[in-house]
Amino acid sequence: MRLINVKAFLDIEASFRQRTYSKSKVNFLADHDDATTAYAILSHRWGKEVDYRKMVKLSKMDEEGRNELRQRDGYRKVVDSCEEAAKDGLQWLWVDTCCIDKRSSAELSEAINSMYRWYENSTKCYVYLHDVDDRFPSEPDDKSFPKFNGWPEWFSRGWTLQELIAPRDVEFFNRGWVPIGTKAQHAEDLSMITRVPRNVLIYGLSSHRPCVAQIMSWAADRTTSRVEDRAYSLLGLFGVHMPMLYGEGKGAFQRLQLEIIRMLNDHNIFAWDPERKARRAGSVLAEDPSWFRDCHDVKKMSSCAFMEELRRQFTPKGAEISNAEGEHLNVFSVTNGGIQIWLPFTPYSDHLSVCRVALACSLRGESGPITIDLVCADEESTHSRYGGTRESLCPLPGLKFQKFYLSYRDDVQRGCITLDDRTIFHYGFKRCGSYPRQVANNSISLSLLTHDPVVAVYANDNARVRFAVGFDDRVGREPVQVFWDEPNVPGKTWPTWEAYAEVVYHEMRSTRSHALRVLKLSEGESSGDPSSNSSNSLIKHVRLPRSICAVKIILTRRNNGNHMVTVDIDRCTGCCHSPLEWRTLEHHKRTRFARSDGNTAHVVYTRTEFGRHSGTILRV
């Protein structure tokens with residue numbers, strides 16, 4: 001590692017102040033072995049820093065350029081750190097900003113892979129809290145630190161997690177470089193702020209080895225400037241080494257998890273989102289450390305304890321699980337077909353493609369193992385994480401062991417829907433949001449793995465009217481459905497749009513396939529109207545009860561599987577001359593003014609939770 005010679009640097013700085021410097025080359029940077037050298041190390045939040053290139057040219061600069069550089073906060077931190085190191089009798093100092101030549105990708109990769117070890121082997125670590133004016137904070141202060149949950153910014157950064165845990169001797173300094181305590185002195189406060197157990201802070205990871213999910217939970221709310229650094233900043237905490245590929249985005253965190261799986265037999269890496277908040281379907285790997293936020297109390301179970309709990313909780317009377325079946329639990333591996341793993345499972349009686357599997361981990365204070373749901377994703381029997389609700393599913397009794405191939409790739413999309421709802425704003429409506437997937441750039445992705453519906457919610461707050469549009473791609477379902485909410489009555493609580501959308505989503509998922517012959521969105525064909533096979537556009541009209549508004553849906557199909565759905569608002573008096581079932585746009589244009597035969601459009605209303613109604617439009 002490249003280190004700063006403390007005495008040489010301070011001598012150069014003194015010569016700058018006394019104007020006795022010369023432009024002869026003075027070398028204050030040297031390479032040393034971190035295992036045999038006593039050195040101090042700085043941990044800080046980056047600001048206006050001085051990089052390696054500037055530092056090596058320091059003595060060669062003209063006076064104006066050098067004075068500008070010496071006024072930077074980054075330079076002052078190096079000077080103050082050197083002064084502290086000199087007081088502690090240390091000859092060498094490492095600062096990440098100027099001891100790494102970031103122009104070299106090889107050097108940067110080596111530094112990132114070695115950084116945890118460098119902090120761990122340091123004799124003293126100085127933590128500079130640039131936004132603390134006085135003493136170490138012992139309780140949240142939203143006034144002083146409004147952007148970081150009431151704590152100094154240093155505690156919100158991804159890289160500083162390992163910089164807190166790895167060094168044995170850590171001393172904190174405030175803005176004026178006044179010492180405000182050590183890690184040992186503030187262990188209780190630090191544990192409260194970071195959720196890192198006190199024993200880990202004082203004695204390190206080796207003394208109290210937490211499970212993968214728990215370590216991930218410590219990083220859940222931390223941020224980095226580059227998305228890849230969300231993963232790279234965790235390498236040392238897991239003892240993992242891998243090349244840096246800036247530009248891979250969230251793929252870095254996927255690679256990190258795969259490297260952890262190759263090294264550790266730890267089922268809890270699959271236990272992210274134990275409270276099922278994300279409703280994510282697809283890869284069994286988490287997309288981001290934040291998905292482990294609720295895993296602080298997850299702990300690993302030994303094979304013996306796991307098997308005993310399986311026998312106690314999941315095995316019917318008279319049945320038995322042999323220890324031979326449990327022997328497979330100790331090994332799982334990454335293959336090109338997925339993560340090969342043996343797991344105890346039971347299918348759901350009313351959804352045989354979905355099964356519940358038990359993991360060899362539990363929540364602290366609970367004896368039973370954590371379970372997750374998997375869905376068979378393709379004909380090769382690759383299983384993916386199931387993102388739907390389990391409330392409507394009924395697991396069969398008993399457990400059996402089976403070899404699974406778990407998908408570690410992102411969900412393959414069936415197609416995209418481009419949503420055009422621009423004109424609804426002219427009628428006072430707005431799109432509140434969507435569930436469970438967000439509509440990004442007016443595009444909705446449909447899932448090949450789980451055929452998960454997507455619900456978009458619209459509301460007119462002034463008229464107290466709200467409706468939802470559900471997008472579905474399962475056989476036997478209407479591809480686009482409209483649901484309306486009971487009008488908001490003054491004095492009564494109107495559920496949030498998120499709660500409303502979730503209820504619509506669950507209703508769409510739980511409703512069994514019916515006999516309606518409807519259009520199959522992903523295949524671009526309509527069996528309900530043979531003539532529609534020659535048309536790419538269909539239209540439907542749904543009146544909102546107790547309102548003069550109706551929702552008009554136009555579906556434009558495309559051969560590449562990417563379709564457009566237009567959501568518009570019509571003024572409607574209840575006569576409903578517009579089509580109440582899917583019709584081709586050409587047919588609608590020919591017949592929209594021809595309804596003089598006295599036929600009546602019939603609508604079947606179903607009252608559901610929150611006073612919402614869903615309408616299934618029958619044939620006129």
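## A serine and its neighbours

Apart from neighbours within four places in sequence, Ser 233 is in contact (heavy atoms within 4.5 Å) with Gly 158, Trp 159, Gln 162 and Thr 224. Bear in mind that this is a predicted model, where local features need pLDDT of at least 70, side-chain atom pairs count only at pLDDT 80 or more, and totals for chains, interfaces and linings use all residues. Residues are numbered from 1 along each chain as its sequence is written, and side-chain values use heavy atoms, with hydrogens and water left out.

You'll find Ser 233 in the loop between helix H11 (229-232) and helix H12 (235-238); helices here are DSSP runs of H or I with at least four residues, strands are runs of E with at least two, and both are numbered from the N terminus. Ser 233 counts as buried because its relative accessible area is 2%. Buried means under 20% relative accessible area, exposed means over 50%, and partly exposed is in between (1.4 Å probe, protein chains only). A polar atom of the Ser 233 side chain lies 2.7 Å from the backbone oxygen of Asp 229.

## The main pocket

Asp 229 turns up again in the largest pocket: together with Trp 46, Asp 96, Lys 102 and Trp 159, Asp 229 is among the lining residues nearest the centre. The lining has 24 residues in total, and the pocket volume is about 590 Å³. As for the terms, on a 1 Å grid over the protein atoms alone, a pocket is an open set of points with protein on both sides within 12 Å along at least five of seven lines, a cavity is a set of points where a 1.4 Å probe fits but cannot get out, and lining residues have an atom within 4 Å of a point. Grid points are joined across faces, edges and corners, and a volume is the space filled by probe spheres set on the points.

Which helices each supply at least two lining residues? They are H5 (96-99), H6 (105-121) and H7 (160-165), and H6 gives the most, with 3 residues. By class, the lining splits into 8 nonpolar, 7 polar and 9 charged residues. Here Ala, Val, Leu, Ile, Met, Phe, Trp, Tyr, Cys and Pro count as nonpolar, Asp, Glu, Lys and Arg as charged, and the others, Gly among them, as polar.

## A covered strand

Strand E3 (residues 39-43) is mostly covered, with 5 of its 5 residues buried. Tyr 39, Ile 41 and Ser 43 are buried on one side, and Ala 40 and Leu 42 are buried on the other.

E3 runs parallel to strand E4 (residues 92-94), joined by 3 bridges; two strands pair if DSSP finds at least two bridges between them. Ala 40 has Leu 93 as its bridge partner in E4. E3 also runs parallel to strand E5 (residues 124-128), this time with 4 bridges, and Leu 42 stands opposite Tyr 126 in E5.

## Two glutamates

Is Glu 84 buried or exposed? It is buried, with a relative accessible area of 11%. Glu 84 lies in helix H4 (residues 73-87) and, leaving aside neighbours within four places in sequence, is in contact with Tyr 126, Phe 173 and Trp 177.

Glu 68, in helix H3 (residues 63-70), counts as partly exposed because its relative accessibility is 37%. Its side chain makes a polar contact of 3.3 Å with that of Arg 72. A polar contact is a pair of N or O atoms within 3.5 Å; within protein, one must be able to donate a hydrogen and the other to accept it, and residues adjacent in sequence count only if both atoms are side-chain atoms.

## Positive phi

Most residues other than glycine have a negative phi. Asn 149 has a positive phi of about 55°, and sits in the loop between E5 and H7. At 65% relative accessibility, Asn 149 is exposed.

Asn 442 also has a positive phi, near 60°, in the loop between strand E17 (430-435) and strand E18 (443-447). Asn 442 is partly exposed, at 34% relative accessibility.

## The whole protein

The protein has 17 helices and 27 strands. Of its 620 residues, 55% are buried. Among contacts between residues at least 6 apart in sequence, 65% join residues at least 24 apart.
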